[in-house]
Amino acid sequence: MSDLMTMYDSGEFFDELVDSKGNYRVSSDRLIRYLEDLSTDELEKRKQAAEATIEDMGISFTVYTDEGNIDRAWPFDIIPRTIDAEDWAIAEKGLKQRLTALNRFIDDLYHDQNCIKDGIIPAHIIEESKNFRPECVGVSPPYGVWAHICGTDLVRAGDGEFYVLEDNLRVPSGVSYMLENRAVTKRVLPELFENDDILPIDAYTSELFQTLKALSPRKVKQPEIVVLTPGIYNSAYFEHAFLAQQMGAELVEGNDLFVDDNDCVYMKTIHGPERVDVIYRRIDDEFIDPEVFNKDSMLGVPGLMRAWKAGNVALANAPGAGVADDKVVYAYVPALIRYYLNEEPILPNVETFLCENKEQREYVLANLDKLVVKPANESGGYGMLVGPHSTKKDQELFAKLIQENPRNYIAQPTLKLSTAPTLVGRGKLEPRHLDLRPFILQSKKTYVTTGGLTRVAMKKGSLVVNSSQGGGSKDTWIVRTKGAK
């Protein structure tokens with residue numbers, strides 16, 4: 001019997017496993033009591049077993065540095081994060097609502113632009129968006145869906161409610177790590193999976209396959225689906241290979257494909273060309289077709305946009321979907337939900353200040369030491385200012401950047417992100433801040449993962465959870481508690 005939780009103190013933050021009085025939450029009670037029955041030596045053995053499993057399974061990610069690309073083992077904490085299934089049911093409903101509205105918004109932008117005509121969002125926001133693609137105007141993808149795979153980042157603040165931090169609609173990554181986290185945890189804590197309280201997550205790859213299959217322009221029994229990767233040097237290459245393998249799809253690079261004179265896409269094989277129906281592309285818009293976008297791109301397929309616009313191949317996500325993956329557009333999503341669905345948003349946004357607005361910009365510039373400032377289109381935790389952890393020099397730099405290009409910056413309050421117990425030393429737990437990235441699939445139907453990828457700020461007091469910035473990860477358990485439906 002260890003005294004694992006005796007000295008644990010979550011402080012002022014909402015903790016996922018322990019309430020403000022130190023009582024174990026219903027969803028975490030069984031987990032914590034199990035961990036407390038482990039000796040310090042046994043807990044250390046489980047931690048070492050997880051590290052060995054990650055190494056054996058080859059779970060890694062790539063960090064880009066000035067010195068070159070570095071492959072690192074996936075940083076993983078063995079203490080799972082638990083969420084009550086009834087709480088999750090509300091979040092799932094909100095995520096489905098949000099992606100439905102976002103897809104209607106994108107489809108509207110590339111057709112009638114009624115949201116602009118009706119004053120829901122200003123025209124200049126779209127005109128100045130670097131992810132609005134005029135080349136996509138008039139295209140109608142199947143089911144009116146542009147963003148087929150979305151990773152929406154959720155946080156819990158001091159009140160314990162879920163808030164949407166941002167939507168990732170271009171090339172969202174991380175789902176393979178969600179699945180591998182569960183595989184590792186089942187090896188390290190197998191006894192806890194002996195009943196059905198912990199809801200399974202392994203349906204994702206079959207749901208992804210069905211989502212992509214529904215997009216096929218040819219109504220054949222087995223459409224040819226491929227995963228288009230930039231190659232082995234991409235930071236998410238592990239995920240590209242993992243998902244292709246799990247779906248039974250071919251993993252291809254740009255030079256494996258070509259477009260013929262009839263604007264159809266083919267894959268080169270040892271048996272000759274094979275028609276491709278659906279491409280799950282993990283390459284940004286500007287690199288997918290050198291005929292249309294970046295003419296120097298060696299990653300894409302010449303003529304791919306012609307084939308897509310002719311309706312001969314489906315692309316997921318569709319080019320141009322990134323127009324909604326803009327942190328300025330994010331501020332308008334609650335209004336877009338009301339406009340397109342005539343519903344109130346189920347999941348609230350975090351309060352957001354738009355630096356293009358003079359009054360809001362003045363407030364931001366006067367409070368840089370208190371706010372989090374983000375560029376409109378960066379990802380991975382890059383290019384942002386976390387006010388309370390910044391220096392005067394950092395704040396002066398961001399003041400200059402904001403004044404030079406106010407449209408490119410938004411600011412949000414520094415949230416009291418929720419915490420969860422994290423193993424930081426031999427038999428020692430401390431609270432660490434975290435977020436959650438569930439994945440939403442949409443084509444013929446909509447599917448939400450059971451939970452998602454929990455990312456953890458491994459440094460004490462840090463709010464930056466991105467793995468590229470020193471963050472780690474946990475398995476996420478959606479737990480059906482006694483008496484719940």
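**Helix packing, cores and salt bridges in a predicted model**

Setting aside neighbours within four places in sequence, asparagine 181 is in contact (heavy atoms within 4.5 Å) with Trp74, Phe76, Leu453, Ser473, Lys474 and Asp475. This is a predicted model, in which local features need pLDDT of at least 70 and side-chain atom pairs count only at pLDDT 80 or more, while totals for chains, interfaces and linings use all residues. Residues are numbered from 1 along each chain as its sequence is written, and side-chain values use heavy atoms, with hydrogens and water left out.

Asparagine 181 belongs to helix α6, residues 175-188; helices (H or I, at least four residues) and strands (E, at least two) are DSSP runs numbered from the N terminus. Asparagine 181 counts as buried because its relative accessibility is 2%, where buried means under 20% relative accessible area, exposed over 50% and partly exposed in between (1.4 Å probe, protein chains only).

Helix α6 packs against helix α8 (residues 237-247) at an angle of about 70 degrees, with the axes 9 Å apart; axes are lines fitted to C-alpha atoms, for helices over the stretch in contact, and angles run from 0 to 180 degrees between N-to-C directions. The two helices, α6 and α8, are therefore roughly perpendicular, a label that covers 65 to 115 degrees. Val175, Ser176, Tyr177, Leu179 and Glu180 of α6 make this contact with Phe238, Glu239, Phe242 and Leu243 of α8.

The largest nonpolar core has 72 residues, of which Trp88, Phe105 and Ile279 touch the most other members; such a core is a set of buried Ala, Val, Leu, Ile, Met, Phe, Trp, Tyr and Cys residues joined through side-chain atoms within 4.5 Å. Helix α3 (residues 85-109) gives this core its largest share, ten residues. Another core, of 58 residues, lies apart from it and includes Met5, Leu189, Phe242 and Ala244.

The structure also holds 33 salt bridges, each a side-chain nitrogen of Lys or Arg within 4 Å of a carboxyl oxygen of Asp or Glu. In one of them, the side chains of aspartate 325 and arginine 170 meet at 3.1 Å, N to O. Because aspartate 325 lies in the loop between β12 (314-316) and α11 (327-330), and arginine 170 in the loop between β5 (162-168) and α6, the pair ties together parts that are 155 residues apart in sequence. Aspartate 325 is buried, with a relative accessible area of 5%, whereas arginine 170 is partly exposed at 22%.

Notes:
Angles under 35 degrees count as roughly parallel, over 145 as roughly antiparallel, 65 to 115 as roughly perpendicular and the rest as oblique.
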